[in-house]
Amino acid sequence: MELREFFHKDAIELELKSNDKDDLLKELIGLLKLDEKSEGILFKMLKRRENLGSTGIGRGIAIPHCRSLVVNRLRVAFARKSEGVDFKAIDDQPVHHFFLIVAPPLEVSNQYLPVLGKIAQFAKDPEVPKRLAVLRNRDEFLDLLEQKGV
Amino acid sequence: MHPQLEILLQIQDLKTQRRELAETERERQVEELEFHVNVEEAVQELDHKIAEMEAQLTPAIRNRYARIASGRGRAVVPVIQGICYGCFVSIPTALATDSARNDQIRHCDHCGRFLYVIG
């Protein structure tokens, strides 16, 4: 299983517009191209997950994630906000890079936790935040995943 | 979408989250180690939210929901490509293709679960 396979180019955004956590989550969800009602339900679920503890894992990276009935397969997105946003991250630093993961409650191939684990592993690589910060296009993001062997 | 169906979906999602945190060792480890979540507190908070959402259901729907949930576990299931993902039996084509399909509360004729049509 390679992370690259899960990222659709349309679900990669290198310049988010939002300036606060809620708007940013909505913009991130928008990358999945769901209907309006589903987006609303997903936003509430992700907010509730954030209330249990921020998914900002430090070094400028956050991994908002949840399972929800509104998707019928594992969906992922990546987005960047160059200036950073206060995401109540573990290290109290602004977050610049966001990986969204949403999966249905039941998956035939059970990819949710392995994908979450791989993204967390990728995020821990000391070189990754710097590399993400200088991405010029979506292909470079996909190439970085491949180079890092995740 | 029917407002009560929206509440049912949220309850089901919260219960999924609770089950994974409380009963799935791997999920619990990931949330504790990677995201520093206090699992006991999180489960309590989810229980509180679930109870709050269940109180918003009408008595008739709440009763039916409680009956199905206690007997069959998941009370709300998706319909994907015409299949009920609770019992994996085909549902009538008219329901699966109706553009206003989630505007009403519907049940699977076979397993009785609440249906949410995706796609």
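**Around a helix**

Guide: Start with helix α2 of chain B. Its buried residues are covered by parts that include α2 (36–52), β4 (65–67) and α3 (112–124) of chain A, together with α1 (3–23) and α3 (39–54) of chain B. Contact here means heavy atoms within 4.5 Å. Helices (H or I, at least four residues) and strands (E, at least two) are DSSP runs, numbered from the N terminus.

Visitor: Before we go on, what kind of model is this?
Guide: A predicted one: local features need pLDDT of at least 70, side-chain atom pairs count only at pLDDT 80 or more, and totals for chains, interfaces and linings use all residues. Residues are numbered from 1 along each chain as its sequence is written, chains are lettered from A and ligands numbered from 1 in the order written, and side-chain values use heavy atoms, with hydrogens and water left out.

Visitor: Which residues of α2(B) are buried?
Guide: B:Glu27, B:Arg28, B:Val30 and B:Glu31. Buried means under 20% relative accessible area, exposed over 50%, partly exposed in between (1.4 Å probe, protein chains only). Seen down the axis of α2(B), the buried residues fall within an arc of 165°, so they line one face of the helix. That arc is taken from the directions from the helix axis to the C-beta atoms.

Visitor: And what's exposed on the other side?
Guide: B:Glu25 and B:Leu33.

Visitor: New topic. How many disulfides are there?
Guide: Zero, over all chains. The rule asks for a pair of cysteine sulfur atoms within 2.5 Å. For B:Cys87, the nearest cysteine sulfur is that of B:Cys108, 3.6 Å away.

Visitor: Is B:Cys87 buried or exposed?
Guide: Buried, with a relative accessible area of 19%.

Visitor: How many aromatic pairs are there?
Guide: Eight, over all chains. Rings of Phe, Tyr and Trp (its six-membered ring) pair if their centres lie within 6.5 Å; planes under 30 degrees apart count as stacked, over 60 as edge-to-face and the rest as tilted. One of the pairs is A:Phe87 with A:Phe98: edge-to-face, 5.2 Å centre to centre, 65° between the planes.

Visitor: What sits over the ring of A:Phe87?
Guide: The charged end of A:Lys21, 4.4 Å from the ring centre. To count, NZ of Lys or CZ of Arg must be within 6 Å of the ring centre and within 35 degrees of the ring normal.

Visitor: Which rings are linked into a cluster?
Guide: A:Phe7, A:Phe78, A:Phe99, A:Phe122 and A:Phe141.
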